[in-house]
Structure formats: structure tokens, C-alpha cells
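Hi everyone, thanks for coming. I'd like to walk you through a structure today, so please have a look at the sequence and the model as they come up.

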Amino acid sequence: MFEQVKHNLETIDGVTIYPILSLLIFFGFFVGLGLWVFFYKKEKINELSQIPLRDNEIV
């Protein structure tokens, strides 16, 4: 089955750009996520970390 898929993909012009694009999207997403986590406010992280410990408090 893999040979059939491989053969079909080899006959498409410009198909080599898709793995490169998917890698760039994947890499960009995780770099962006890492930057967002790194620059997120520490006070907000501490506030969110205390939510499971609160006793029936309505926010």
C-alpha cells in the first residue's frame, strides 16, 4: 500500500514543498508557544496555580 501512495505522490509536481511547509509550521508553532510561556506574567501563573486549591470560591 505504501508503494501506491509513494508512486501517486511522486507524480505530483511540486509535492516536495509540503514536508518543508509542515516542518516550518510545526517549528514556528512550538517556538511561538515557548516564547509565550517564557514571557507570560509570573503573577498570573501564580494566580492560576492557586485555582485548584481554593475552597468553593466564585471568581
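Before anything else, please keep in mind that this is a predicted model.

Let's start with a lysine. Lys6 is partly exposed, with 44% relative accessible area, and you'll find this residue in helix H1, which covers residues 2-10.

Now move along to helix H2, residues 17-39, where Phe30 is found. Is Phe30 buried, partly exposed or exposed? Its relative accessible area is 44%, so Phe30 counts as partly exposed. Phe29, by comparison, has a value of 51%. The cut-off for exposed is over 50%, so Phe29 gets that label.

So what are these rings doing with one another? As a reminder, a pair of aromatic rings is described by how far apart the centres are and by the angle of the planes. Searching the whole structure gives 4 aromatic pairs. One of them is Phe29 with Phe30, with 5.1 Å between the ring centres and 80 degrees between the planes. Planes over 60 degrees apart count as edge-to-face, so that is the label for Phe29 and Phe30. Bring in Phe26 as well, and Phe26, Phe29 and Phe30 make up one aromatic cluster.

Together with Leu23, Leu33, Trp36 and Val37, the residues Phe26, Phe29 and Phe30 make a nonpolar surface patch of about 750 Å². If you have the model open, do colour those seven side chains and take a look.

Last stop: charges. How many salt bridges are there? The count comes to 1. The partners are Lys44 and Glu47, whose side chains meet at 4.0 Å, N to O. Where do they sit relative to each other? Both belong to helix H3, residues 42-49, and because they are 3 residues apart there, about one helical turn separates them. As for accessibility, Lys44 is partly exposed at 33%, and Glu47 is partly exposed too, at 40%.

To recap, we have a nonpolar patch that includes Phe26, Phe29 and Phe30, an aromatic cluster formed by those three phenylalanines, and a salt bridge between Lys44 and Glu47.

Methods:
Residues are numbered from 1 along each chain as its sequence is written. This is a predicted model: local features need pLDDT of at least 70, side-chain atom pairs count only at pLDDT 80 or more; totals for chains, interfaces and linings use all residues. Side-chain values use heavy atoms; hydrogens and water are left out. Patches are made of residues with over 30% relative accessible area and no salt bridge: like charges are joined within 9 Å, nonpolar side chains (Val, Leu, Ile, Met, Phe, Trp, Tyr) within 5 Å. Accessible areas come from the Shrake-Rupley method with a 1.4 Å probe; for residues, only the protein chains shown count as cover. Helices (H or I, at least four residues) and strands (E, at least two) are DSSP runs, numbered from the N terminus. Buried means under 20% relative accessible area, exposed over 50%, partly exposed in between (1.4 Å probe, protein chains only). Rings of Phe, Tyr and Trp (its six-membered ring) pair if their centres lie within 6.5 Å; planes under 30 degrees apart count as stacked, over 60 as edge-to-face and the rest as tilted.
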